[in-house]
Amino acid sequence: MYDIAAIRQEFPILSQEVYGKPLVYLDNAATTQKPRCVLEAIERAYTSANANVHRGVHYLSQIATEHHEAARRRVADFVGAPSAEGLIFTRGTTEAINLVAYCVGERYIQPGDEILVSTMEHHANIVPWQLMCARRGAELRVVPLTPEGELDMEAYRALLSERTRLVALAHVSNVLGTVNPVAECVRLAHEAGALVLLDGAQAVAHTSVDVAALGADFYAFSAHKVYGPTGIGALYGRPELLDELPPYMGGGEMIERVSWERTTYNVLPFKFEAGTPDYVGSTAFAAALDFVTALGLDEIAAHEEELLHYATERLRAEFDDSYILGTAREKGGILSFGIGQIHPFDLGTLLDRLGIAIRTGHHCAEPLLRSMGHEAVARASFALYNTREEVDRFFEALHRVVPMLR
Ligand code: PMP
């Protein structure tokens, strides 16, 4: 049974007040709060297993290495990676995408080649490709969306050609909530001979991911969006492909031998992990994945979907001039909206004084917002610990502040 009261007990931060009001945290697409097991994993690592990994013969170093490599297997397993050698720890989704853009660019991209992204991408899945295209003389092409905020699949098919070297797509949009038909997108891209990177930042906390079944060449995600710590994330890449790529950053860990004449590189995944890894973050990341797995991703998704549905219906019914960005058939727990001419910043600021944390702005997706005729939008995003009562408090607060802003 989904025992929401017991679940909330596991998140100490949720019981605090802000401005004397109970906190209603609806900014989960930006980052999620952390359960006790994650906080305890961090403390445990520093109090009983802290030593630099991979290099030490002494006891603590070996324990730390064991924990770090067990965490790698856990993270790989969570996204259905066939082996852990394709699982590279990064600082997050952003670094993972930059790694692929740099290394694939160096190895495979020639002038005249094309990279395909969609209009709904986060800046993290746009700018690395712009940098790569500028470096390599390639061209960035953009798949448009339908008015509902779904990928225009006809346009996608038409844009794929023998010039397309790589397709980079969000699995779930951080603004629209749209769940993209990524398996179909991968299949079509592969038919055209292109590689595919999926940005899973918004997907991993809400749907079970199976990179092998999806057939993705690369899959990027961040721990902090799935109840894990900040500062760590992962890139899954097909090992045979990663083997072909040049290294990203140079330094310790990523080498086999170093000499003035010739330096050779370590095996996967270490070739892409220069420097001391976040071995504390990795164990806390694994603890977060154990937590969501124990609750069940299907149960979490059903819970969030119910909250999204409830909030969407109330917004439509109670605010005549409200609008929603993203009405895809399949949506994650994200509600981007506006009310009349009210500026989202004003709305967010007044809601905050009533304890309601939502996000306002361009949500790192300026091209998307502009394509929909907006500069900024308000966004409420739901997580496994949010309740129907919190949605009620959110609407109570909206009814208080909206008349003040009209
Ligand atoms: N892609 C998407 C869809 C996101 O929502 C985010 C985070 N807002 C990112 C990429 C970047 O993730 P991070 O900042 O953890 O690297």
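Tutor: Helices (H or I, at least four residues) and strands (E, at least two) are DSSP runs, numbered from the N terminus. Bear in mind that this is a predicted model, where local features need pLDDT of at least 70, side-chain atom pairs count only at pLDDT 80 or more, and totals for chains, interfaces and linings use all residues. Residues are numbered from 1 along each chain as its sequence is written, and side-chain values use heavy atoms, leaving out hydrogens and water.

Student: What makes the peptide bond between leucine 268 and proline 269 worth a look?

Tutor: Its omega is about -5 degrees, a cis peptide bond. Most peptide bonds are trans, and most residues other than glycine have a negative phi. Tyrosine 227 has a phi near 70 degrees, a positive value; that residue sits in the loop between strand E9 (218-222) and strand E10 (233-237).

Student: Which stretches make up domain 1 and domain 2?

Tutor: Domain 1 is 4-26 + 296-405, and domain 2 is 39-293. Those bounds come from an automatic or database domain assignment. The C-alpha centres of the two domains lie 29 Å apart. Contact (heavy atoms within 4.5 Å) takes in 33 residues from domain 1 and 29 residues from domain 2.

Student: How much area do domain 1 and domain 2 bury between them?

Tutor: About 2400 Å², with 61% of it on carbon and sulfur atoms. Buried area is the accessible area (1.4 Å probe) that two parts lose on being put together, so that figure is summed over both.

Student: Why is the pairing of arginine 329 with glutamate 150 called a salt bridge?

Tutor: The rule wants a side-chain nitrogen of Lys or Arg within 4 Å of a carboxyl oxygen of Asp or Glu. The closest N and O atoms here are 2.4 Å apart, so the pair qualifies. Between domain 1 and domain 2 the count is one salt bridge, and by this rule the count comes to 26 salt bridges.

Student: How far apart in the chain are arginine 359 and aspartate 27?

Tutor: They are 332 residues apart, with arginine 359 in strand E16 (residues 359-361) and aspartate 27 in the loop between strand E3 (24-25) and helix H2 (36-48). Their closest N and O atoms are 2.9 Å apart, so they form a salt bridge too.

Student: What surrounds the ligand?

Tutor: The residues near it (a heavy atom within 4 Å) include Thr93, Asn174, Asp199, His224 and Lys225.
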